[in-house]
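Subject: Structure for you to look at, with notes on side-chain contacts

Hello,

I am passing on the structure below, and after it you will find my notes on contacts between side chains. Please keep it open while you read.

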Amino acid sequence: MQGASVTHQKLRVYKGASRAHFTSLQEQRALTVFNPLKIYYTMAPYTLTYFAVKGRCGALKMMLADYGQQLKENLVTFEQWGQGDIKASCLFGQLPKFEDGDLVLYQSNAMLRHLGRKHGAYGKNDCEASRIDMMNDSVEDLRLKYIKMIYQEYETGKEAFIKDLPNQLKPFEAILAKNKSGFLVGDQISFADYNLFDLLLNFKVLSSSCLDSFPALKSLVDKTAARPKIKALLECDTFKKMPINGNGKQ
Ligand code: GTS
């Protein structure tokens, strides 16, 4: 396993026997001002263990970059994976694995939800949160179709996938076009937008003109890619060189 590690500051607040973790600057400021409890600072990075592919972790990396959070990455080679020990140690026998202090998560969408909840990308109320869940589930449905094509039927199914892509994109276009903010839900970016953005980047690699008749989708891609910290991530060599998929197809 290789590792490139940078840490971010984590704030811990202890109140009697109960303990809570706060990491966003907003939360830190609020607590510093309003909370007279004893405060301890420790270094505890977010850690991602995954293969050296963008795969299911592009959106997560973009969210963390956008929120100015650091990520320690443990890259697992396919050879190491083949030995079986790492697989056996994973809750559901698969990567990615994400660690936030003591919290260990598997399932990429659970990770997005966790980060959305922590960093203000999960809507302003319960109804928005539920609608964001619905959007993200639909992004996942489309991602699964993409993954199936890439891993199981690239040679025979790629052209058909591209041909059908407008039908798949149409509902997302309508949703974005209807919402004045240009995001899927409400007036601010949510984890579902980052997830859709990441998938659309893959589609543009598959078929560079696929968004030509989808102005709202194109606008989401352009404005998300232009967010300064996301732009920096997209332009960084390590990220750029990382293959999209584990079998080299894209
Ligand atoms: N639902 C899981 C998630 O969203 O995290 C799927 C995870 C998954 O399919 N992991 C693949 C894996 O571990 C790698 S990748 O498809 O995400 O690149 N494959 C190895 C194995 O032995 O299953």
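Is Tyr50 buried or exposed? With a relative accessibility of 7%, Tyr50 counts as buried, where buried means under 20% relative accessible area, exposed means over 50%, and partly exposed lies in between (1.4 Å probe, protein chains only).

Before going further, please note that this is a predicted model, in which local features need pLDDT of at least 70 and side-chain atom pairs count only at pLDDT 80 or more, while totals for chains, interfaces and linings use all residues. Residues are numbered from 1 along each chain as its sequence is written, and side-chain values use heavy atoms, with hydrogens and water left out.

Aromatic rings

Rings of Phe, Tyr and Trp (its six-membered ring) are taken as a pair if their centres lie within 6.5 Å, and planes under 30 degrees apart count as stacked, over 60 as edge-to-face, and the rest as tilted. This rule gives nine aromatic pairs. One of them joins Tyr50 and Phe51, whose ring centres are 5.9 Å apart and whose planes stand at 50°, so this pair is tilted. Phe51 is also buried, at 13% relative accessibility, and Tyr50 and Phe51 belong to one aromatic cluster with Phe78 and Trp81.

Tyr122 and Phe191 have ring centres 4.7 Å apart and planes at 75°, so they count as edge-to-face. Tyr122 lies in the loop between α5 (108-119) and α6, whereas Phe191 lies in helix α8, 69 residues apart; helices here are DSSP runs (H or I, at least four residues), numbered from the N terminus. Phe191 is buried, with a relative accessible area of 0%.

Salt bridges

Side chains of opposite charge can pair when their charged atoms come close. Counting a salt bridge as a side-chain nitrogen of Lys or Arg within 4 Å of a carboxyl oxygen of Asp or Glu, the total is 13. Arg227 and Asp66 form one of these, with their closest N and O atoms 2.6 Å apart, and this pair links distant parts of the chain, 161 residues apart. Arg227 is partly exposed at 26%, while Asp66 is buried at 13%.

Another salt bridge joins Lys231 and Glu235 (3.3 Å, N to O). These two are four residues apart in helix α10, which means that about one helical turn separates them. Finally, Arg113, Asp133 and Asp137 are linked in a network of salt bridges.

Best wishes
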